[in-house]
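This report reads one protein model from its overall dimensions down to its strand pairings. Please keep the sequence and the coordinates at hand while reading.

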Amino acid sequence: MLANSKAFSGFAVNDLQKAKEFYGQTLGLRVSEETDATGGMLTLHLAGGADILVYAKPNHVAASFTVLNFPVPDIDEAVSELARRGVIFERYAGFDQDEKGVFRAEGPPIAWFTDPAGNTLAVLQMT
């Protein structure tokens, strides 16, 4: 029944304007905004034609998992550029992360960070 549906994902934030600035300016994504009676929503337009819905939720609680992953060709370059733009990378107990916050022990090299609403995002180097 849904095999041909063009599904998309979405997640909540507590402040739509801060999210718009972060995703549009800090991360450099193309973002469109739609306002409605519930406060509005953003659409993040990703490479390859994928869209992600971001909606305002007053009692938002950040997810305890990564909501969005950004594959990059060079993790060190991506982390350095994001840090230059003010992104702070998360450090997790039990993960041997390097000085930049990159975990390289198993799987693809990955670094986690949060948006202004506390949602976890990641950049990871795909080979």
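Predicted model: local features only at pLDDT ≥ 70, side-chain atom pairs only at ≥ 80, totals over all residues.

Residues are numbered from 1 along each chain as its sequence is written, and side-chain values use heavy atoms, with hydrogens and water left out.

**Overall form**

The protein has 2 helices and 7 strands, where helices (H or I, at least four residues) and strands (E, at least two) are DSSP runs numbered from the N terminus. Along the sequence these elements follow the pattern β-α-β-β-β-β-α-β-β. For 127 residues, a compact globule would have a radius of gyration near 14 Å, and the 15 Å of the protein agrees with this; the radius is taken over C-alpha atoms, and the globule rule is 2.2 Å times the number of residues to the power 0.38. Along the principal axes, the C-alpha atoms fill a box of roughly 45 × 35 × 25 Å.

Of the 127 residues, 35% are buried, a class that means under 20% relative accessible area, with exposed meaning over 50% and partly exposed lying in between (1.4 Å probe, protein chains only). The protein exposes about 7,900 Å², of which carbon and sulfur atoms supply 52%; these areas come from the Shrake-Rupley method with a 1.4 Å probe, and for residues only the protein chains shown count as cover. Among contacts (heavy atoms within 4.5 Å) between residues at least 6 apart in sequence, 52% join residues at least 24 apart.

**Strand pairings**

Two strands pair if DSSP finds at least two bridges between them, and the table lists pairings of this kind.

| Strands | Sense | Bridges |
|---|---|---|
| β2 (residues 30-34) and β3 (residues 41-45) | antiparallel | 5 bridges |
| β3 and β4 (residues 51-56) | antiparallel | 5 bridges |
| β5 and β7 | parallel | 6 bridges |
| β6 (residues 110-114) and β7 | antiparallel | 5 bridges |

Strand β7 (residues 120-125) has 5 of its 6 residues buried, so it is largely enclosed by the rest of the structure. Within β7, Thr120 is the bridge partner of Thr66, and Val123 is the bridge partner of Ala111. The hairpin of β6 and β7 likewise has 5 residues between the strands, with Gly118 taking a positive phi near 90°.

**Two individual residues**

Asn59 lies in the loop between β4 and β5 (66-72) and counts as exposed because its relative accessibility is 66%. From Asn59 to Tyr23, 36 residues apart in sequence, the C-alpha to C-alpha distance is 21 Å.

Ala83 belongs to helix α2 (residues 75-84), and its relative accessible area of 41% makes this residue partly exposed.
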